[in-house]
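Here are some friendly notes to read alongside the model. Please keep the structure open as you go through them.

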Amino acid sequence: MSPQASSSMRSVGSPELTVRHCSHEFEAPSGGVFSARRRQPVLSDVSFTVPAGTLTALLGPSGCGKSTLLRALAGLLVPSRGEAQVADRELIGNPGGVAYHPQQDSLLPWLRVIDNAMLGAEVSSVRGTSSETKSAVRDRAMGLLDRFGLGGLHHAWPDELSGGMRQRVALLRTFLMPQPALALDEPFGALDAITRRKLQHWLLEIIANEQRPTLLVTHDIDEALLLADQILVFSGRPGSIIHVEDRPAAELRKLERVSGADRAASMRLLAALGVSH
Ligand SMILES: Nc1ncnc2c1ncn2[C@@H]1O[C@H](COP(=O)(O)OP(=O)(O)O)[C@@H](O)[C@H]1O
Ligand SMILES: [Mg+2]
């Protein structure tokens, strides 16, 4: 099924994703029975907006709270402070508002590839957030297997797959979910360079067609330069936004990659990350 057709099944209405003054502290283990519990700040007053049909990339050192932020948006963790909304729905403490792709692939070993891929969309149907039937989800999943480099593998078990294949199944599962926004935590990390490039271009096309605001955590500056309309650079822990890089439209970004015209932006990002070049 084409991306246009799949988007027509959603009542998207061009939402935007907003995050306002989000901060979080984890309770660190105490040193002993009588010592007070310490609080470890991991996110500090993070605010931004992801307009419909655009992608915002989060870049920052390990441990600066990127995954914590995505887990908060997925409703899996309640941050100490802050709000987040998509399409008037409050996300904090309210699981199921975004299609969330966790950093680990988290496939269920007792389900075949096709059933793992359908899982997120099926859960949404059961929860009543989508009216798509199981057979319609299956049709969409089967139609996308080739595109994800999984052709002919619908009947395979997760144990029979390479790390890269498992990651693509997890990615397919995320894209089949009907939520009005996407939150992807390093989704291309374990992929070979060719598959990675193919899926990056496919992601650009999907975002343009579906209009879902998308948040992407990546360690790869070139990936952020190609995919993102906006790049947010985070400081070390506690993570706060220390640089915002606004990028041109997707078609121009593709040309810049070929011509090397994105070098100045790359230098600015490296400088913000404190990497000497
Ligand atoms: N459940 C948790 N309990 C306590 N500390 C945690 C928990 N999850 C993450 N952390 C800590 O919070 C910090 C930020 O983690 P994370 O959000 O995973 O960073 P990033 O994704 O940017 O690498 C790290 O120091 C990590 O050890
Ligand atoms: Mg992380």
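This is a predicted model: local features need pLDDT of at least 70, side-chain atom pairs count only at pLDDT 80 or more; totals for chains, interfaces and linings use all residues.

1. Residues are numbered from 1 along each chain as its sequence is written, and chains are lettered from A and ligands numbered from 1 in the order in which they are written.

2. Domain 1 takes in 11–30 + 37–98 + 180–277, and domain 2 takes in 109–178; such bounds come from an automatic or database domain assignment. The C-alpha centres of the two domains are 24 Å apart.

3. Where the domains meet, 11 residues of domain 1 are in contact with 10 residues of domain 2 (contact: C-beta atoms, placed from the backbone, within 7 Å). On the domain 1 side, strand S7 (182–185) and helix H6 (193–210) each give two or more residues, and H6 gives the most, with four. Helices (H or I, at least four residues) and strands (E, at least two) are DSSP runs, numbered from the N terminus.

4. An open sheet of six strands runs in the order S6-S7-S8-S3-S9-S10, with mixed pairing (two strands pair if DSSP finds at least two bridges between them). Its edge strands are S6 (99–101) and S10 (241–246).

5. Within the sheet, S3 (residues 55–59) and S8 (residues 214–217) pair in the parallel sense over four bridges. Ala 57 stands opposite Leu 216 in S8.

Note on methods. Two residues are in contact if their C-beta atoms, placed from the backbone, lie within 7 Å.
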